[in-house]
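This report goes through the sheets, the helices packed on them, the nonpolar cores and the chain contacts of the structure shown below.

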There are 2 protein chains.
Amino acid sequence: MNTTDIRNAITTSDRERFSACALALADIARERLRALCRTGFTVKRKPDGSFVTSADFEVEELLRAQIQRQFPSHGIVGEELPAHLPQAEFQWIFDPVDGTEDFVQRIPTFGTIIALHYRGEPLAGVIDMPLLDMRVHATYGGGAFHNQQRLQLVDLDPAVPPLQTRLMLSARANFVRHRDDGAAFDALTRHYQNHRIYRTCYAHACAATGQADATVDYGNRIWDLAASRLLVEEAGGSYRIILELPTPNGTVFGAVFGRPRVVESVAAIVRDALPVLPR
Amino acid sequence: MNTTDIRNAITTSDRERFSACALALADIARERLRALCRTGFTVKRKPDGSFVTSADFEVEELLRAQIQRQFPSHGIVGEELPAHLPQAEFQWIFDPVDGTEDFVQRIPTFGTIIALHYRGEPLAGVIDMPLLDMRVHATYGGGAFHNQQRLQLVDLDPAVPPLQTRLMLSARANFVRHRDDGAAFDALTRHYQNHRIYRTCYAHACAATGQADATVDYGNRIWDLAASRLLVEEAGGSYRIILELPTPNGTVFGAVFGRPRVVESVAAIVRDALPVLPR
């Protein structure tokens, strides 16, 4: 453990308490989303063409109310509603329904992402897929788990060729949404031809479990990535930011995470595919 | 119904009997695959680098034995074992585990594909995802069903832009495996940027249910596509062959299927992306 990491200022018992709270929030989201899949919900398009449903708001409000009750001094960043206490040291960052289009279609890879950050560094994280009964969670210094099973990623054997390496990545839409980085998508899909595209946090969870050798998430916001670094690092993998782009609506991120050799290779491919930009 | 269709020579009650048999075969496969996911199975690489497991052989043998007992005069084409009675008018065509790599990783979108063809035309078809409790099946002239619910696809509203159209497609690996048709993958991913890649029959089932607006399967064999045309046509969608390539190991196919407007558009994009080849 890095002794200079600011997260060591938080006691192990506090970290465990926060992590238990993150899991309890995931339980609330899971129960509500399962019920809504049975009973139905309303669906609208946002101005950017993406879906938003009554479930997104309903679950976000449930989680916000619970956090405010338990941690009145903590900040909250959710996808659908304005930030609460944005200067607080502790920030709960979540996406109540990641993969809303898939949720609308009952494609079961949608999920809930929940993370607690302390001064910008993740302390606890959960990704939960209610219809798959799949949950990955981690606590800083306490390991990562798939359901109840401790995760321990091993690096990819260097003898495994790219065609047998399992890469999960964002759709091309994500690579061209804010700036035309389509060349990165093209280069990745040419080099790692055994790829899968889910467009949800399921791909993030798979990088922590090893079901993917690495996952690339591109052109997304902080709540999409808030849990993934901790999940993968606590599982023994690595995490690299490959895009950090300021936009009028906030910073847009890209990251690759999973087995270290694949993470390094993907980061190099993306860097080589894109023109050098003024910083 | 097309009265000249050779399948009308088969009585409705025979079709229903065959379809019930296809469902019973899917039950056998589902039960065995669920058990094997709990108990484990052996995994090997084939010479082409793809996975094969003891489950592929075990389920194929179970299904073959059942078919031979019930229909001793029918032919059988399975992925892992040699063809049985290849001249018979009735051919059971199946893939016991479609998406073996995902089955190995417990990614739940793998499934079993089962079809009965009569003189080359599909009479009954099933795609079953054991871990998702998802089944799509159809009988010629008798409709298509998702679990117990009758399917009725409507065509895509022409006002829906490509970015809001849901296309599922094969990985780039499939487009370059037998001949370099990577230009078709590139053209499709540029035009339909809201795409998903699963590399399993789950994407086929989603074209019948409407969870995908269309699905492209490329560079695969007859058992991968044996059920999909019937499932989608009986659901009210359309099916177009976009690749038929003889190879030393048998003919390789590509097809697009789903809502008719998207099917036509995808077929045109693929045709325009590839050079005109001598026939």
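How much area do chain B and chain A bury between them? The two chains bury about 2,900 Å² between them, and 46% of that area is on carbon and sulfur atoms. The model is a predicted one.

**Interface**

The contact involves 31 residues of chain B and 31 residues of chain A. Six salt bridges are found across the interface of chain B and chain A. In a salt bridge between Asp102(A) and Arg196(B), the side chains meet at 3.0 Å, N to O.

**Seven-stranded sheet**

In chain A, seven strands make an open sheet with mixed pairing, in the order 3-4-5-6-7-8-9. Strand 3 (75-78) and strand 9 (149-150) of chain A are its edge strands, and each of them pairs on one side only. Strand 4 (residues 90-98) and strand 5 (residues 111-118) of chain A run antiparallel and are joined by seven bridges. Within strand 5 of chain A, His117(A) is the residue opposite Gln91(A).

**Five-stranded sheet**

An open sheet of five strands in chain A also has mixed pairing, and its order is 11-10-12-14-13. Strand 11 (195-196) and strand 13 (238-247) of chain A stand at the edges with a single partner strand each, so one side of each has no neighbour in the sheet. Strand 10 (residues 167-169) of chain A runs parallel to strand 11 of chain A, with two bridges joining them. Met168(A) has Arg196(A), in strand 11 of chain A, opposite to it.

**Helices on the sheets**

| Helix (chain A) | Strands (chain A) | Angle |
|---|---|---|
| Helix 2 (residues 54-70) | strand 3, strand 4 and strand 5 | about 155° to strand 4 |
| Helix 6 (residues 202-209) | strand 10, strand 12 (214-220) and strand 14 (250-258) | about 145° with strand 12 |
| Helix 9 (residues 260-273) | strand 10, strand 12, strand 13 and strand 14 | about 30° to strand 13 |

**Nonpolar cores**

The largest nonpolar core has 136 residues, of which Trp92(A), Phe103(A), Trp92(B) and Phe103(B) touch the most other members. A second, separate core has 50 residues, including Ala184(A), Ala214(A), Ile269(A) and Val252(B). In soluble globular proteins, nonpolar side chains tend to be buried together.

Note on methods. Residues are numbered from 1 along each chain as its sequence is written. Chains are lettered from A and ligands numbered from 1 in the order in which they are written. This is a predicted model: local features need pLDDT of at least 70, side-chain atom pairs count only at pLDDT 80 or more; totals for chains, interfaces and linings use all residues. Side-chain values use heavy atoms; hydrogens and water are left out. Two strands pair if DSSP finds at least two bridges between them. Helices (H or I, at least four residues) and strands (E, at least two) are DSSP runs, numbered from the N terminus. Contact means heavy atoms within 4.5 Å. Axes are lines fitted to C-alpha atoms, for helices over the stretch in contact, and angles run from 0 to 180 degrees between N-to-C directions. A nonpolar core is a set of buried Ala, Val, Leu, Ile, Met, Phe, Trp, Tyr and Cys residues joined through side-chain atoms within 4.5 Å. Buried means under 20% relative accessible area, exposed over 50%, partly exposed in between (1.4 Å probe, protein chains only). Buried area is the accessible area (1.4 Å probe) that two parts lose on being put together, summed over both. A salt bridge is a side-chain nitrogen of Lys or Arg within 4 Å of a carboxyl oxygen of Asp or Glu.
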